[in-house]
Amino acid sequence: MEALDVAAFDVTDKDSWYFGPMSRQDATKILMNERERGVFLVRDSNSIIGDYVLCVREDAKVSNYIINKAQQNDQIVYRIGDQSFENLPKLLTFYTLHYLDTTPLRRPVAKKTELVIGKFDFEGMDQDDLPFRRGEVLTVIHKHEDEWWTAKNAMGKIGQIPVPYIQKYDESSEDNFIERPSSGNGNNCGSSNNIVKQSRTLPSMENVPVILQKSDLNRKLPAYARVKQARVPNAYDKTALKLEVGNIIKVTKMNINGQWEGELKGKKGHFPFTHVEFVDDCELKTNNQTFSEQTETHDIK
């Protein structure tokens with residue numbers, strides 16, 4: 001049996017080896033691209049919530065070892081086979097010094113860096129949010145939810161960011177583009193003026209203060225929202241809604257691309273989420289007459 005080398009990775013750096021939700025097929029595909037035995041990753045179990053899977057590149061295969069998270073004498077332990085550990089770093093440390101099947105753990109597989117760029121300013125509402133500015137480049141760490149991801153900024157600060165506020169950033173490209181929200185007067189609709197060319201040096205741009213709360217994205221639909229910014233859609237876009245300040249829209253779907261769907265004056269269509277704000281039941285009751293007129297009146301053809 002070959003002598004064991006000291007593992008060249010930091011077991012306490014969870015971001016380097018924990019890949020979160022991932023299918024067995026995807027993990028196998030990533031690790032089979034590695035030639036070195038002992039390259040590994042840890043992912044969530046797809047069959048038992050709370051458990052993990054240690055995926056390891058061995059001779060000519062990828063082995064998947066179940067890590068059970070269990071309660072033992074008022075303490076959480078992590079079990080793999082007949083071994084128990086008080087945390088995952090200690091489990092990984094043990095298997096850098098002991099063989100699993102044909103190899104000990106050598107190093108985590110390298111993660112592919114994914115960069116995104118801010119489309120709008122995000123001030124952050126909760127302590128675990130990561131505030132950023134329009135044009136700021138962030139590194140994605142985890143995609144735990146469809147609407148909220150975990151990211152890191154250039155200063156190393158980590159927090160949650162709203163997906164509708166960002167777009168993919170390609171650092172190998174000379175140019176990146178950020179969609180500028182409609183001004184609401186309709187003059188720029190459908191033209192290239194709605195796209196702001198952004199160089200790699202990311203010059204400062206005018207602020208677009210928009211705040212999206214987690215309670216909004218988690219809101220039960222359908223829900224009602226008030227138009228806070230007018231918008232005249234492109235005449236050729238028959239599915240876009242014309243917005244006037246004060247209109248009440250019945251929101252039926254919130255897409256992660258920022259284009260929400262709803263109903264206004266009997267017409268169903270899409271609209272940018274930046275132009276509306278949700279209203280609660282109390283406000284609807286107070287303005288019940290105006291609301292009824294808007295939802296029951298149909299456009300004249």
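Is D121 buried or exposed? In this predicted model, D121 counts as buried because its relative accessibility is 2%, and the cut-off for that class is under 20%. To find D121, look in the loop that runs between strand 7 (114–118) and strand 8 (137–142).

What does the side chain of D121 reach? One partner is the side chain of R133, with which it makes a polar contact at 3.2 Å. The side chain of D121 also reaches the backbone nitrogen of R134, at 2.8 Å.

## The largest pocket

Now let us turn to empty space. Rolling a probe the size of a water molecule over the atoms shows where empty space is left. In this model, the largest pocket holds about 910 Å³ of space. Its lining is made of 30 residues, and those closest to the centre are K111, K112, T113, E114 and V140. Helix 2 (24–32), strand 7 and strand 8 are the elements that each give two or more residues to this lining.

Which strand gives the most to the lining of the largest pocket? That is strand 8, with four residues. Sorted by class, the lining has twelve nonpolar, twelve charged and six polar residues. Both domain 1 (12–106) and domain 2 (112–166) take part, with at least three lining residues from each.

With a relative accessibility of 42%, T252 counts as partly exposed. Eleven residues along the chain separate T252 from E263, and their C-alpha atoms are 7.5 Å apart. If you set aside neighbours within four places in sequence, T252 is in contact with L221, E261 and G262.

A cis peptide bond joins L221 to P222, with omega at about 0 degrees. P222 belongs to the loop between helix 4 (214–217) and strand 14 (223–227).

## Two residues with positive phi

Let us finish with two backbone angles. N73 is not a glycine, yet its phi is positive, at about 55 degrees. You will find N73 in the loop between strand 3 (62–71) and strand 4 (76–80). Why does N73 count as exposed? The reason is its relative accessibility of 72%, since the cut-off for exposed is over 50%.

K265 also has a positive phi of about 55 degrees without being a glycine. Its place is the loop between strand 16 (259–264) and strand 17 (267–272). K265 counts as partly exposed, with a relative accessibility of 25%.

How values were computed: Residues are numbered from 1 along each chain as its sequence is written. This is a predicted model: local features need pLDDT of at least 70, side-chain atom pairs count only at pLDDT 80 or more; totals for chains, interfaces and linings use all residues. Side-chain values use heavy atoms; hydrogens and water are left out. Buried means under 20% relative accessible area, exposed over 50%, partly exposed in between (1.4 Å probe, protein chains only). A polar contact is a pair of N or O atoms within 3.5 Å; within protein, one must be able to donate a hydrogen and the other to accept it, and residues adjacent in sequence count only if both atoms are side-chain atoms. On a 1 Å grid over the protein atoms alone, a cavity is a set of points where a 1.4 Å probe fits but cannot get out, and a pocket is an open set with protein on both sides within 12 Å along at least five of seven lines; lining residues have an atom within 4 Å of a point. Grid points are joined across faces, edges and corners, and a volume is the space filled by probe spheres set on the points. Ala, Val, Leu, Ile, Met, Phe, Trp, Tyr, Cys and Pro count as nonpolar, Asp, Glu, Lys and Arg as charged, and the others, Gly among them, as polar. Domain bounds come from an automatic or database domain assignment. Contact means heavy atoms within 4.5 Å.
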